[in-house]
Amino acid sequence: MMKFECLKCGKKYPHDGKMFKCNCGGLFKIPEKPLQYKTDLELGEVKTPLLKKELLGHEIFYKLDYYHPSGSFKDRGARLMLGKLKNAGIDEIVEDSSGNAGAAVAAYSAAAGIDCNIFLPEATSSAKISQIQSTGAIIHKISGDREATSRAVKKAARNKYYASHIYNPLFFAGVATIAKELIEDLKKIDEIILPVGNGSLLLGIWHGLKEILAKDNLPRLIAVQAEPVFPIWEKFHSKSRKSNTYLNNLAEGIAIKEPARINEIINAIKESKGDVILVNQTEIKNSLKQLWKQGIYIEPTSAAAPAGAINHLKDKNTSFGNIVIILTGSGLKYN
Ligand SMILES: [Zn+2]
């Protein structure tokens with residue numbers, strides 16, 4: 001029987017229970033050997049491509065991690081989580097994400113034959129909801145802000161399983177599979193440049209890398225945050241900074257004001273001897289256009305990583321070597 005373990009007090013809980021965090025308030029630990037978790041739930045997954053390109057005169061590799069059934073890397077996490085829940089006999093779940101995580105959880109719930117409820121703020125645009133709705137998932141629109149939605153889903157989670165991409169360790173364990181693919185393709189990686197919001201990609205990849213590689217061979221994690229929402233950048237660098245506000249944040253997928261796992265995220269970046277880079281909206285827009293003009297059709301949030309890579313290479317706070325930039329979501333989703 002698989003158990004979830006509290007990060008704070010060590011208390012253990014069944015993975016198929018109603019608790020999504022410990023009674024003491026602590027979150028559940030991400031497994032140390034995530035790659036040992038397997039599932040037979042399938043939607044035709046492939047190993048995602050690694051594309052060699054040039055950026056500011058340096059050779060870099062784009063990991064095209066939007067080559068997934070629902071069009072984003074979140075499918076890795078949703079696949080393992082819903083696969084394990086299916087095996088445990090869970091027949092209905094709740095989740096709160098209007099973006100890629102919601103689409104991934106809805107798709108794999110459909111594949112698993114599990115009823116899916118997605119909680120969203122009332123103001124969420126209908127374009128973002130249509131992919132989720134196509135699976136037969138039930139949408140619950142909650143009036144008020146994101147916090148109101150968060151309260152509503154936690155209330156619903158008293159009776160139904162909360163299949164959260166933030167709290168559930170299985171989601172992170174599924175994301176860890178990206179580490180295995182990267183090591184198969186490159187053997188030695190010096191730096192991984194990736195966007196960070198709630199940290200599902202960063203923490204998943206880090207736990208996967210640590211399972212495969214010896215400590216001396218671990219790459220540096222270069223995490224990218226975007227103005228106007230950058231709490232991880234502020235905490236990592238121990239400084240605060242004023243930002244202009246924007247009506248349309250291109251990187252809304254990583255605009256998380258209070259990431260639940262912020263301490264774990266910062267510890268992972270420090271352990272990797274990495275860094276947190278900040279980008280602004282103009283830099284994201286420029287990177288987005290540059291990638292689109294190369295035929296690489298990503299969603300706007302995904303352009304934060306290559307924009308951060310440009311700032312990082314210009315800073316020369318890098319030993320170069322093999323640099324991987326992860327592209328997380330498909331542009332086709334947002335038409
Ligand atoms: Zn606890």
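The model is predicted, so to speak of local features a pLDDT of at least 70 is needed, side-chain atom pairs count only at pLDDT 80 or more, and totals for chains, interfaces and linings use all residues. Residues are numbered from 1 along each chain as its sequence is written, and side-chain values use heavy atoms, with hydrogens and water left out.

**The two domains**

- Domain 1 covers 50-72 + 176-334 and domain 2 covers 75-170, with bounds that come from an automatic or database domain assignment.
- The C-alpha centres of domain 1 and domain 2 are 24 Å apart.
- Contact (heavy atoms within 4.5 Å) involves 19 residues of domain 1 and 12 residues of domain 2.

- Two salt bridges are counted between domain 1 and domain 2, a salt bridge being a side-chain nitrogen of Lys or Arg within 4 Å of a carboxyl oxygen of Asp or Glu.
- Glutamate 181 forms a salt bridge with arginine 76, and their closest N and O atoms are 3.0 Å apart.
- On the side of domain 1 that touches domain 2, helix 6 (residues 177-186) gives the most, with three residues; helices (H or I, at least four residues) and strands (E, at least two) are DSSP runs, numbered from the N terminus.

- Four strands form an open sheet in the order 7-6-5-8, with parallel pairing, where two strands pair if DSSP finds at least two bridges between them.
- Strand 7 (138-142) and strand 8 (161-162) stand at the edges with a single partner strand each, so one side of each is left without a neighbour in the sheet.
- Strand 5 (residues 92-95) runs parallel to strand 8 and is joined to it by two bridges, with isoleucine 93 standing opposite tyrosine 161 in strand 8.

**Backbone details**

- Most residues other than glycine have a negative phi, and most peptide bonds are trans.
- Leucine 56, although not a glycine, has a positive phi of about 50 degrees, and lies in the loop between strand 3 (50-55) and strand 4 (58-64).
- Glutamate 227 and proline 228 are joined by a cis peptide bond with an omega of about 10 degrees, and proline 228 is found in the loop between strand 10 (220-226) and helix 8 (231-237).
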